[in-house]
Amino acid sequence: MLLRCRIPLASFELDIDASFDARVTAIFGPSGSGKTTLLDALAGLRNITAGEIEVGGRALFSSARGINLPPRKRDIGYVPQEGALFPHLSVQKNILFGAERDTDADKSDPIDINHVLEILEIPHLLPRPVTQLSGGEAQRVALARAILSRPLLLLLDEPLAALDIGLKERILPYLARVRDEFKIPMIYVTHNLTEVLTLADWVLMIRQGRLIAAGVPKEKLISAETVTQLADEQFENVLTVTFIQANREAGNTQVRLESGTELFIPYLPYPEKPELQIRVSADDILVATERPNSISAGNILAGTICKMERLEGEAILTVLAGDEFLVRLTSSAANRLGLKEGTAVFLIIKTRSFTVI
Amino acid sequence: MIFSFETWQITLFSISVGLASTLLILPFGIALAWLFARKEWPLKGVVETAVLLPLVMPPVSTGLILLKIFGRRSPLGQWLYERGIEIVFNWKGVLIAMSVMSFPLLVRSVRTSFAEVNPRLEQIAATLGASPLRIFFVITIPLAYKGIVAGALLAFSRALGEFGATILLAGNIPGKTQTLALAIYNYVQLGKDPDAFILLGITVALAFLFVWCSEWLLRSGKKM
């Protein structure tokens with residue numbers, strides 16, 4: 001995918017030049033950095049001063065060659081932040097709105113409507129008017145509508161932003177399912193780090209209309225610049241683990257990281273799939289230079305500091321302990337322990353500090 | 001209540017020509033209102049103002065302009081006359097006068113209701129593969145229909161009340177071009193007050209009914 005465009009905005013010019021090929025590309029940046037504008041430009045809903053847009057080798061826009069396909073010919077599904085369901089149509093009619101689009105011969109893989117509905121758990125909503133949907137339901141319906149128009153690219157604009165935290169955690173797995181079930185590349189706009197780490201395999205970071213970094217999320221999001229930018233964001237580790245066993249009486253579940261390191265997380269019954277994603281805040285990890293003997297925490301991981309960045313009053317450590325863990329300490333704690341890159345440390349994580357996504 | 005044949009004739013004539021004028025201007029009004037609400041084009045401001053003029057100009061002036069346009073001495077009037085169509089001093093004159101006078105009310109009301117339709121919905125419909133025509137008929141019109149119906153009712157009420165332009169273009173010919181408004185004037189002139197009062201009652205009842213419906217629609221539209 002090629003995305004090169006210049007768009008004048010009220011206070012600055014959006015100027016992006018990026019080329020990428022990923023299942024889920026996150027566009028990550030603070031509010032007002034031009035993220036939605038970029039999606040609008042991709043979908044053809046906004047004029048571009050100059051540039052090129054190519055999706056799957058097909059030019060959608062090119063100022064040099066005079067190409068500018070209208071939105072309906074771009075085959076791009078768009079789920080805007082507010083969902084934008086048609087309020088006068090039922091859920092069913094909303095969902096089928098785009099399904100009537102003419103099929104291109106090369107889009108030979110038909111998408112089974114029932115399958116989409118089941119993945120998103122919305123068959124029971126079909127006869128309802130859209131005015132009677134909750135925020136999370138409306139987002140799933142909007143997602144189904146976009147998928148069923150059989151797009152070659154799916155744009156999601158902060159689909160979770162309007163939802164409260166509890167609801168977010170319930171919708172996130174649906175997005176992961178959509179990513180895994182339908183082979184539609186996605187571009188996911190967000191200013192939430194957890195969402196990037198959970199869903200994306202490529203990230204474009206933009207600020208004030210400029211691309212400041214692009215790459216694999218885990219690597220790119222740990223740079224000092226990002227950290228400053230995220231001062232107020234939650235700073236979290238997202239890990240992929242495999243289920244081993246659950247013990248209801250002990251109140252914990254044993255899981256294994258890819259590296260083989262085992263962890264205890266809060267009790268959960270046998271999951272549908274053995275692969276799980278869990279997370280822990282960078283603030284909830286303790287660091288010790290000696291192995292603690294009697295301590296309540298369920299996880300003590302031996303590791304090495306492979307990167308350490310100093311910011312005003314705090315230190316951000318990247319610790320290799322089976323997987324990469326991001327740890328945030330106060331400067332005083334880092335000084336007291338004499339931490340530096342290469343120091344061998346133990347990470348102490350309470351079982352209950354982990355949450356399953 | 002039993003009305004005279006004449007009263008029935010006048011009332012039915014007014015309602016049917018009024019209805020015809022509303023139906024006649026509806027497609028043009030909707031198209032123009034959409035162009036006003038959704039598109040930018042050169043001289044848009046001038047056209048918008050020109051369309052509103054009949055609302056504020058003395059109706060007699062509008063009538064005079066229409067007379068000059070459709071009269072047999074004008075090129076258009078001449079052209080129409082050669083094809084056997086006469087506008088002046090018959091029911092077609094009434095139709096034209098009513099249409100022109102009620103057009104601004106229709107356009108204003110429909111324009112507002114189009115402007116209230118969230119353009120994001122139309123954009124998303126486009127990304128779902130809908131053609132501009134499909135978007136217009138499946139998204140825009142249904143979402144604006146209350147404003148359109150309210151505007152049509154308002155235009156119809158205005159058509160029923162038309163006097164100044166009608167009397168100039170179509171005259172006041174009993175049984176031929178006499179509407180409720182013209183007949184009331186006529187009766188009062190002739191000192192036939194009781195007859196005038198019956199027609200007065202009819203016009204008040206009709207106007208109340210239609211304006212009330214129109215307002216009710218607009219109010220319930222807001223709640224959606």
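In chain A, strand E17 (residues 299–311) and strand E18 (residues 314–321) run antiparallel and are joined over 7 bridges. Within that pairing, A:Met308 has A:Leu317 in E18(A) as its bridge partner. Strands here are DSSP E runs of at least two residues, helices are H or I runs of at least four, and both are numbered from the N terminus. Two strands pair if DSSP finds at least two bridges between them.

A quick word on provenance: this is a predicted model, where local features need pLDDT of at least 70 and side-chain atom pairs count only at pLDDT 80 or more, while totals for chains, interfaces and linings use all residues. Residues are numbered from 1 along each chain as its sequence is written, and chains are lettered from A and ligands numbered from 1 in the order in which they are written.

Back to the sheet. E17(A) and E18(A) sit in an open, antiparallel sheet of 5 strands with the order E16-E20-E17-E18-E19. Strand E16 (286–288) and strand E19 (323–330) of chain A are at the edges with a single partner strand each, so one side of each has no neighbour in the sheet. Ignoring direction, neighbouring strands of this sheet are turned by 40° against each other on average.

Chain A has another open sheet of 5 strands, also listed with antiparallel pairing, in the order E14-E13-E12-E15-E21. Its edges are strand E14 (262–266) and strand E21 (355–356), each with a single partner strand, so one side of each is left without a neighbour in the sheet. Strand E13 (residues 252–257) is antiparallel to E14(A), with 5 bridges joining them, and A:Val255 stands opposite A:Leu263 in E14(A).

Zooming out, chain A has 9 helices and 21 strands. Its radius of gyration is 22 Å, close to the 21 Å that the globule rule gives for 357 residues, so chain A is as compact as a globular protein of that length. That radius is taken over C-alpha atoms, and the rule is 2.2 Å times the number of residues to the power 0.38.

Chain B, by contrast, has 10 helices and 0 strands.

How does H1(B) pack against H5(B)? Helix H1 of chain B and helix H5 (residues 91–115) of chain B pack at about 35°, their axes 6 Å apart. Axes are lines fitted to C-alpha atoms, for helices over the stretch in contact, and angles run from 0 to 180 degrees between N-to-C directions. The contact of H1(B) with H5(B) has 20 nonpolar, 6 polar and 2 charged residues. Ala, Val, Leu, Ile, Met, Phe, Trp, Tyr, Cys and Pro count as nonpolar, Asp, Glu, Lys and Arg as charged, and the others, Gly among them, as polar.

H1(B) (residues 5–38) also meets H7(B) (residues 132–161), with axes that come within 9 Å and cross at roughly 135°. Residues in this contact include B:Gly18 and B:Ile25 in H1(B), and B:Ala152 and B:Phe156 in H7(B).

Finally, the chains touch: 16 residues of chain A are in contact with 14 residues of chain B, contact being C-beta atoms, placed from the backbone, within 7 Å. Strand E7 (residues 76–79) of chain A gives the largest share of chain A's side, 3 residues.

Technical notes
Contact = placed C-beta atoms within 7 Å.
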